[in-house]
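Please consider how strands, helices and loops may be read from a model. The dialogue below takes them in turn.

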Amino acid sequence: MNPQSYDLVVIGSGPAGQKGAIAAAKLGKRVAVVDRNDMLGGVCIHGGTVPSKTLREAILHLTGFRHRSFYGADYVVRDRISIHDLASRVAQVTDREISVVKDHFRRNNIDFFNGSARFVDPHTLEVEGLDQIYVVRGEYFLIACGTRPAKHPDIPFDGKQILASDQFFQMDEIPKELIIVGGGVIGLEFASMLAPPRMWDS
């Protein structure tokens, strides 16, 4: 297995990884990006900024909130909103954003390796893909592998009754009652989006 060599290898394809890779490519460097099979675009696209903002916009649209000043307080687009309604809109935007990332890499001649990376030595990565293992060598590495929700081992996160923010679409239906632990940006977004109970499926 012959290793492929690069001036810069970026681990992580979120906003930081993308910007670093593209900046190096524009300087004439040979660049590769590595990320896991289901995470092209990073947490920003798959679990953070893009899904939460798209979810917010979908709720504002489907509840008719944006148009009530014109049509009146009782105006709604849907009488009931389901998890499927919201998930399908988020999926459309996510797919479009993934295509944008792929296009940025293509236009800047950046190679993308789909898989999980581990260092073999200070200048060599082994990337385990779905059906192939790649060996990638780099003069420099940029580690930009993002973040994920913190999960305490004593709390049984099942994606149904107790769930992290990135498990929202694992629910079968939108709950009528929900306790949100944490008052940061994500917690406040979910609290404000899920507040009007009369809109949800029974």
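**Reading the sheet and a helix pair**

Q: How many bridges join strand β1 to strand β6, and in which sense do they run?

A: Strands of a sheet pair through backbone hydrogen bonds, either parallel or antiparallel. Here strand β1 (residues 4-11) and strand β6 (residues 133-143) run parallel and are joined by seven bridges. Y6, for instance, has G138 as its bridge partner in β6. This is a predicted model, in which local features need pLDDT of at least 70 and side-chain atom pairs count only at pLDDT 80 or more, while totals for chains, interfaces and linings use all residues. Residues are numbered from 1 along each chain as its sequence is written, and side-chain values use heavy atoms, with hydrogens and water left out.

Q: What counts as a strand, a helix or a pair of strands?

A: Helices (H or I, at least four residues) and strands (E, at least two) are DSSP runs, numbered from the N terminus. Two strands pair if DSSP finds at least two bridges between them. By this reading, β1 and β2 run parallel, joined by four bridges, and V10 has V33 as its partner in β2. Strand β2 (residues 31-35) also pairs with β3 in the parallel sense, over four bridges; there the partner of V33 is F112 of β3.

Q: In what order do the six strands form the sheet?

A: The order is β3-β2-β1-β6-β5-β4, in an open sheet with mixed pairing. Because β3 (111-114) and β4 (116-121) each have a single partner strand, they stand at the edges, and one side of each is left without a neighbour in the sheet. From one strand to the next, the twist averages 45°.

Q: At what angle do α3 and α5 pack?

A: Axes are lines fitted to C-alpha atoms, for helices over the stretch in contact, and angles run from 0 to 180 degrees between N-to-C directions. Helix α3 (residues 49-62) and helix α5 (residues 83-107) pack at about 135°, their axes 9 Å apart. That makes α3 oblique to α5 (under 35 degrees is roughly parallel, over 145 roughly antiparallel, 65 to 115 roughly perpendicular, the rest oblique). Contact means heavy atoms within 4.5 Å; the residues making it include L55 and I59 of α3 and L86 and V90 of α5.

Q: Where is the place of G47?

A: G47 is in the loop between α2 (42-46) and α3. In space, G47 lies 8.7 Å from Q167, C-alpha to C-alpha, although the two are 120 residues apart in sequence.
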